[in-house]
Amino acid sequence: SVRIRDSDAQTTTYVDGGLEERIWITTNGSNYNSENIVLTSLLPSNGFLNYSFDPGCSFATGVQKWKAQFFGVSSKYKAANSSEYVFTINGSLNPIVAAPNGTYYSRGQSILLRGNLTDECSNVVSSANAELNASQAGGSNYICPSVNDEGTGGWYNCTVPAASTQSMSTGPYNVSMAASKQYYSSASTIRTNAFNLTAKPALSNPWANLINAGWGSTYIFNVTVNDPENDFVNISLWKRIGAGNWQLLNSTVSQFFAPTIVSFSQLFACGDIGSNSYKFNATDASNNTNETSENSITLAQDGVVIGLVSGTGKNITREGNDNDTFKIYAYDTDRAAYAAENSNVTFWITTDGSNYDSGNATQTDASGNATTMFNPNCAYQSTSQKWKAGTFGDACYASTNSSFYTFRIKGQL
């Protein structure tokens with residue numbers, strides 16, 4: 001509001017009403033708006049010029065100037081401008097939490113909190129004082145010690161470090177953003193359930209009952225599992241030979257609110273012989289995963305016992321075709337079963353009662369038995385002889401011989 005007075009009058013005299021005046025207002029604190037506001041004085045002979053100003057989005061926040069211009073009337077008044085006057089335009093802030101937005105994190109992960117700041121005219125607001133916080137009702141809170149102004153787009157962020165999330169309570173968290181800046185009214189907002197903090201299942205004490213044993217033994221693998229969130233957790237046992245691919249051996253799904261030993265009983269095959277690595281991993285309902293370090297076991301050839309079936313105490317005539325059958329069984333002591341079919345067995349027979357021949361190789365049948373037919377020639381002396389058999393050169397079984405068994409060769413004069 002201004003009051004226009006006749007400066008040449010001897011007494012205080014105000015201009016007549018109904019005359020044309022204009023109001024000029026800066027848009028950025030220095031430049032006046034190009035479309036000035038044309039007004040007329042409101043009351044006759046009182047000289048007041050009043051204008052109610054409601055700034056739109058073309059006017060920046062902060063200190064602005066305004067002035068009045070009187071056009072004058074050629075027969076009565078000269079044109080004149082008022083002094084410049086200052087006023088302040090204040091805006092409203094509009095903070096928005098953009099991230100996280102319903103994301104699941106596990107303890108030990110860092111979490112990016114990110115918000116955007118505009119005003120009521122949708123203008124980007126930078127260089128504001130911003131706060132970002134994560135909070136849980138009745139649980140943990142994290143207040144960002146400082147917030148990074150990204151410099152473009154009105155974006156602000158801070159990171160909850162992994163070391164902090166490691167000790168924070170699990171469950172849903174709200175993220176709030178508050179902002180203030182000169183010439184703006186302060187504002188805040190909150191995104192409920194912005195993220196959910198979960199915990200990885202804990203695995204400890206991986207163990208195997210056998211470290212170096214035959215492949216046919218029963219191996220027991222244990223691990224202790226604990227999941228304080230009481231999710232359903234998949235526990236899996238994996239193994240590999242040397243640097244080969246991991247192979248799933250067994251798995252189970254259950255809840256492990258308290259520390260619980262999970263045990264797997266595992267049988268292997270001859271093809272698993274060698275140095276094997278094993279590990280456990282766990283995956284819960286929130287897809288959090290954890291696994292133990294690798295441990296090793298060595299699978300060796302199985303032990304065997306060679307026993308007599310037939311072929312001892314007999315007399316064999318060297319002349320003609322007087323054959324005799326020597327037969328043994330091979331018993332796998334690790335599997336507590338007869339040796340697998342087609343296992344390598346060799347029979348050796350003395351030629352002079354003490355020195356053995358080079359041997360006759362054969363294989364076991366489906367019952368774990370091995371047989372050789374012996375028809376002596378003149379290389380075998382007519383005397384008391386011995387024979388024995390054993391697993392020799394077999395990939396699956398350790399080389400083991402039977403006891404020796406006796407028989408007699410008779411010659412013809």
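Start with residues 40-45: pLDDT stays under 50 along this stretch, and the model has 20 contacts for it beyond four places in sequence. Keep in mind that this is a predicted model, so treat that bit with some care, since pLDDT is the predictor's confidence in each residue. The rest of the picture comes with a mean pLDDT of 90 for the protein chain, and 89% of its residues reach 70 or more.

Strand β11, residues 129-135, is joined to β12 by three bridges, and the two run antiparallel. Asn-133 stands opposite Ile-143 in β12.

What about the greasy parts? In soluble globular proteins, nonpolar side chains tend to be buried together.

| Core | Residues in it | Some members |
|---|---|---|
| Largest nonpolar core | 42 residues | Phe-221, Ile-235, Trp-387 |
| Second, separate core | 25 residues | Ala-134, Met-168, Val-175, Met-177 |

In the largest core, Phe-221, Ile-235 and Trp-387 are the ones that touch the most other members. Which strand gives this core its largest share? That's β20 (residues 219-226), with four residues.

How values were computed: Residues numbered from 1 in each chain as written. Predicted model: local features only at pLDDT ≥ 70, side-chain atom pairs only at ≥ 80, totals over all residues. Heavy atoms only, no water. pLDDT = per-residue confidence, 0-100. Contact = heavy atoms within 4.5 Å. Pairing = 2+ DSSP bridges. Core = buried A, V, L, I, M, F, W, Y, C linked by side-chain atoms within 4.5 Å. Buried < 20%, exposed > 50% of the residue type's maximum accessible area, 1.4 Å probe, protein only.
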